[in-house]
Amino acid sequence: MSHFQLAAASGGGGSILGLVGPFVLMFVVFYFLLIRPQQKKTKARNGMLKSLKKGDKVVTIGGLHGTIMEISDDIVVLRVNDVTRLTFDRGSISHSVVEVEDKD
């Protein structure tokens, strides 16, 4: 047997690990950099949507600011001004607005 044949015969098992290892490492990196933070964001957003109540000031995904007048499991009615009331899906609420009081 030549030196090349001995190296090929003894290195067969290590080459599979050498091929699979970078893919496993790449998946772990993607999980911690992309998947896990997105799951945390989704969990926080769902918590915010569940905690909405009448009187909260919110912003929709489209950028409309309003105050919640009525709320059900999947529908939110927002008061935009003194006269206008608009109906949205609960999932279209982007975030709640917290007003900071002036300290004079």
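This briefing walks through the main features of one protein chain. The model is predicted, so local features need pLDDT of at least 70 and side-chain atom pairs count only at pLDDT 80 or more, while totals for chains, interfaces and linings use all residues. Residues are numbered from 1 along each chain as its sequence is written, and side-chain values use heavy atoms, leaving out hydrogens and water.

**The chain as a whole**

- The chain has two helices and five strands; helices (H or I, at least four residues) and strands (E, at least two) are DSSP runs, numbered from the N terminus.
- Reading from the N terminus, the order of these elements is α-α-β-β-β-β-β.
- Of the 104 residues in the chain, 16% are buried; buried means under 20% relative accessible area, exposed means over 50%, and partly exposed lies in between (1.4 Å probe, protein chains only).
- Among contacts (heavy atoms within 4.5 Å) with a separation of 6 or more, 33% are between residues 24 or more positions apart.

**A look at Arg90**

- You can find Arg90 in the loop between strand 4 (85-89) and strand 5 (93-97).
- Arg90 is buried but has no salt bridge, and Asp73, the nearest side chain of opposite charge, is 5.0 Å away.
- For these charges, Lys and Arg count as positive and Asp and Glu as negative, while His and the chain ends are not counted.
- A salt bridge needs a side-chain nitrogen of Lys or Arg within 4 Å of a carboxyl oxygen of Asp or Glu.
- The Arg90 side chain does reach the backbone oxygen of Ser72, at 2.7 Å.
- Leaving aside residues up to four places away in sequence, Arg90 touches several residues, including Leu49, Leu52, Ile71 and Val76.

**The salt bridge**

- Side chains of opposite charge can pair when their charged atoms come close.
- One salt bridge turns up in the whole structure.
- This salt bridge joins Asp56 and Lys53, whose closest N and O atoms are 3.2 Å apart.
- Asp56 is buried, at 14% relative accessible area.

**The aromatic pair**

- The whole structure holds one aromatic pair.
- Tyr31 and Phe32 form this edge-to-face pair, with 5.2 Å from centre to centre and 80 degrees between the planes.
- Rings of Phe, Tyr and Trp (its six-membered ring) pair if their centres lie within 6.5 Å; planes under 30 degrees apart count as stacked, over 60 as edge-to-face and the rest as tilted.
- Tyr31 is partly exposed at 29% relative accessible area, and Phe32 is partly exposed at 49%.

How values were computed. Polar contact = N/O pair within 3.5 Å; in protein donor to acceptor, adjacent residues only side chain to side chain.
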